[in-house]
Amino acid sequence: MALNASRDDLAAGAIFVAFGSFFALEAMKYEFGTPFRMGPGFMPILLGGILVALGIAVAAKGFGKPETGSGPAWPWRGIVLVLGTILFFAATIRGLGFVPVVLTTALVTALSSRRNSWLAALVIALGLTMLCYLIFVVGLGMIVPLFGPWLSF
């Protein structure tokens, strides 16, 4: 017996529920507070709960919606590259510094789409690096080394 549901809606709903649950459960380690005196756990729990509710709504929308054909293949190249760049960013921001990490992650993420050429990806990466520098370092005054200790210039 085949399930009369949209594979994509169920998968998206499951991802929303998983991420929302993770962040809400992790935030429970912090003080919750009240709406007028919010603690550090208030917003992550609230937003995690909203994400879970949204995931349930997306998955529920998928039930009763039959699959039309096999649908397009999942873009595994993009999924792997984008998730990989998130892990790369987290693991190397302190060692490589802001500029190389943002430039590398933006370049690889832009290349995750088959529609971008190397030149287009490089232009996107340079523009995004400059924009991030202006927003986070200049505008918000974020204290992060532009080039980290792993690079010796």
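**Notes on the model: core, aromatic pairs, patch and salt bridges**

1. Let's begin inside the protein. The largest nonpolar core has eight residues, namely Ile 93, Leu 96, Phe 98, Val 101, Val 102, Cys 132, Val 137 and Val 144. A nonpolar core here is a set of buried Ala, Val, Leu, Ile, Met, Phe, Trp, Tyr and Cys residues joined through side-chain atoms within 4.5 Å. Helix H3 (76–96), helix H4 (98–111) and helix H5 (118–139) are the elements that give two or more residues to this core. H4 supplies the largest share, three residues. Helices (H or I, at least four residues) are DSSP runs, numbered from the N terminus. As background, nonpolar side chains tend to be buried together in soluble globular proteins.

2. A word on what you are looking at. This is a predicted model, in which local features need pLDDT of at least 70 and side-chain atom pairs count only at pLDDT 80 or more, while totals for chains, interfaces and linings use all residues. Residues are numbered from 1 along each chain as its sequence is written, and side-chain values use heavy atoms, with hydrogens and water left out.

3. Now the overall layout. The domain assignment, which comes from an automatic or database source, gives domain 1 (7–62) and domain 2 (76–151). The C-alpha centres of domain 1 and domain 2 lie 27 Å apart.

4. Next, the rings. Searching the whole structure turns up three aromatic pairs. One of them joins Phe 22 and Phe 23 edge-to-face, at 5.3 Å centre to centre with 75° between the planes. Rings of Phe, Tyr and Trp (its six-membered ring) pair if their centres lie within 6.5 Å; planes under 30 degrees apart count as stacked, over 60 as edge-to-face and the rest as tilted. Phe 22 is partly exposed, with a relative accessible area of 47%, and Phe 23 is partly exposed at 46%. For these labels, buried means under 20% relative accessible area, exposed over 50%, and partly exposed in between (1.4 Å probe, protein chains only).

5. Phe 32 and Phe 42 also form an aromatic pair, this one tilted, with 4.9 Å centre to centre and 40° between the planes. The pair links distant parts of the chain, ten residues apart: Phe 32 sits in the loop between helix H1 (7–27) and helix H2 (42–62), and Phe 42 in helix H2. Phe 32 is partly exposed at 38%, whereas Phe 42 is buried at 10%.

6. Ile 15, Phe 16, Phe 19, Phe 22, Phe 23 and Leu 54 make a nonpolar surface patch of about 580 Å². Such a patch is made of residues with over 30% relative accessible area and no salt bridge, with nonpolar side chains (Val, Leu, Ile, Met, Phe, Trp, Tyr) joined within 5 Å. H1 gives the patch its largest share, five residues. Phe 16 is found in helix H1.

7. Finally, the charged side chains. The structure holds two salt bridges, each defined as a side-chain nitrogen of Lys or Arg within 4 Å of a carboxyl oxygen of Asp or Glu. Arg 7 forms a salt bridge with Asp 8, where the closest N and O atoms are 3.6 Å apart. Arg 7 is partly exposed at 35%, and Asp 8 is partly exposed at 36%. Lys 29 and Glu 26 meet in a salt bridge at 2.9 Å, N to O. Lys 29 counts as exposed at 62% relative accessibility, while Glu 26 is partly exposed at 32%.

Terms used. Patches are made of residues with over 30% relative accessible area and no salt bridge: like charges are joined within 9 Å, nonpolar side chains (Val, Leu, Ile, Met, Phe, Trp, Tyr) within 5 Å. Accessible areas come from the Shrake-Rupley method with a 1.4 Å probe; for residues, only the protein chains shown count as cover.
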